[in-house]
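Dear colleague,

Please find below the structure that I am handing over to you. My findings follow directly after it.

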Amino acid sequence: MAPVTRGDKLILVLVLVVALGAFGFLALRRQAAPSPAMAQVVVEVDGKEVERFPLANLRAGERHQVRGPLGYSVIEGGENKVRMVSSPCPDKVCVARGWISVPGEAIVCVPNHVVVHVEGGAQKQGYDALTQ
Amino acid sequence: MGGQTRRLLHLSLLVAGGTALHVFEGLLPALGALPGAKLGLANLVTLLALALYGPGATWWVVSLRVLLGSLLGGTLLTTTFFLSLAGAVGSTLVMMLAFRLGRRALSIMGVSVLGAVAHNVSQLLLAALLIQHLGIFFYLPYLLLFALPTGCFIGITASYVLRLFPPAASGHRWKKDPLRGVVPKAWNM
């Protein structure tokens with residue numbers, strides 16, 4: 001008598017397929033993304049935009065402070081990429097997220113209400129606005 | 001021991017155990033590459049409460065566990081607390097439905113995996129609501145992959161623990177077979 005029922009297996013396979021499918025979808029989007037020349041870095045606090053600048057303008061090592069309810073989150077630029085280097089939140093999920101560079105990618109700090117995301121210059125409208 | 005006393009004792013033990021697991025899990029360091037991924041240890045207690053005493057008692061166990069666990073962990077009324085609450089409510093709701101609707105098709109392991117998935121989804125929903133941004137759903141595939149082994153682990157653990165309860169321990173209508181199809185015969189203790 002198997003411990004795992006057919007329904008169990010169905011659930012396991014389903015979750016696996018959804019997860020892998022999502023990975024595939026993200027990878028495809030990454031490939032289809034336009035050149036980073038147009039990409040904009042957008043910083044939001046509580047859903048309100050506080051900063052926006054072209055990703056290409058961000059020099060490597062350049063840091064910006066973003067004020068959230070808990071204190072200052074610090075973002076840092078790299079070669080056409082951006083990351084969160086420090087944050088006053090307890091879990092540091094945002095710091096662990098690492099670099100982002102492709103339109104649609106986002107760094108999210110829930111405790112400090114800070115979102116940093118990259119927007120493609122051309123394709124701001126349409127489905128990308130939803131999936132960002 | 002009378003049925004009522006036994007029920008009170010079991011539910012108190014579940015609340016205490018759940019609180020301990022909740023606090024313990026909060027002390028574990030975040031996994032570097034997979035932030036936000038948790039073992040879901042306290043889900044064990046939710047599963048046991050559901051299997052032994054049904055939905056009504058489970059809501060008490062879950063809400064007391066989240067409240068006490070957050071109080072002891074020092075996260076009461078912080079973002080972490082509300083995320084915990086969202087995860088707990090979401091997973092309990094789904095597991096409750098899975099127990100009720102999927103009893104013929106699922107073992108407790110399947111219920112546990114569904115609970116783990118629901119936990120992640122409801123947490124991300126609340127997080128997305130808090131920050132007004134859907135970008136956080138980027139984490140979902142990672143969390144789903146992580147939920148598979150942890151959900152199985154918790155479900156199998158629950159099946160072992162349930163063996164320690166005599167079937168009469170539960171006054172609930174599910175008492176007939178809380179163990180059905182849960183562990184292979186070879187694992188019998």
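**Hairpins of chain A**

S3(A) and S4(A) make a hairpin in which two residues lie between the strands. Helices (H or I, at least four residues) and strands (E, at least two) are DSSP runs, numbered from the N terminus. Strand S3 (residues 63-68) and strand S4 (residues 71-77) of chain A pair in the antiparallel sense over six bridges; two strands count as paired if DSSP finds at least two bridges between them. Within this pairing, A:Ile75 of S4(A) is the bridge partner of A:His64.

A second hairpin is formed by S1(A) and S2(A), again with two residues between them. A:Asp46 in its turn has a positive phi of about 55°. Strand S1 (residues 40-45) of chain A is joined to S2(A) by six bridges, and the two run antiparallel.

A:Phe53 lies in strand S2 (residues 48-54) of chain A and is the bridge partner of A:Val41. Leaving aside neighbours within four places in sequence, A:Phe53 is in contact with A:Gln40, A:Val41 and A:Leu58, where contact means that the C-beta atoms of two residues, placed from the backbone, lie within 7 Å. The terms are set as follows: a residue is buried if 20 or more other C-beta atoms lie within 10 Å of its own, exposed if 12 or fewer, and partly exposed in between, with C-beta atoms placed from the backbone.

**How to read the model**

This is a predicted model, in which local features need pLDDT of at least 70 and side-chain atom pairs count only at pLDDT 80 or more, while totals for chains, interfaces and linings use all residues. Residues are numbered from 1 along each chain as its sequence is written, and chains are lettered from A and ligands numbered from 1 in the order in which they are written.

**The two chains**

Chain A contains three helices and seven strands, which run α-β-β-β-β-β-α-β-β-α from the N terminus on. Of its 132 residues, 32% count as buried. Among contacts in chain A between residues at least 6 apart in sequence, 36% join residues at least 24 apart.

Chain B has five helices and zero strands, in the pattern α-α-α-α-α. Of its 189 residues, 44% count as buried. For contacts in chain B between residues at least 6 apart in sequence, the share joining residues at least 24 apart is 72%.

H1(A) has 27 residues and reaches 38 Å from its first C-alpha to its last, close to the 39 Å expected at 1.5 Å a residue; the expected span is 1.5 Å times one less than the number of residues. A:Asp8, A:Ile11 and A:Ala19 are buried in this helix. The buried residues of H1(A) pack against H4 and helix H5 (140-163) of chain B.

**Where the chains meet**

In all, 32 residues of chain A are in contact with 35 residues of chain B. H1(A) gives the most to the side of chain A that touches chain B, with eleven residues. The residues on that side divide into 20 nonpolar, six polar and six charged. Here Ala, Val, Leu, Ile, Met, Phe, Trp, Tyr, Cys and Pro count as nonpolar, Asp, Glu, Lys and Arg as charged, and the others, Gly among them, as polar.

**The nonpolar core**

The largest nonpolar core has 71 residues, and those with the most contacts inside it are A:Val108, A:Val116, B:Leu47 and B:Leu48. Such a core is a set of buried Ala, Val, Leu, Ile, Met, Phe, Trp, Tyr and Cys residues joined through C-beta atoms within 7 Å. Helix H4 (residues 108-131) of chain B supplies the largest share of this core, 13 residues. Leaving aside neighbours within four places in sequence, the contacts of A:Val116 include A:Val41, A:Ile75 and A:Ile107.

With kind regards
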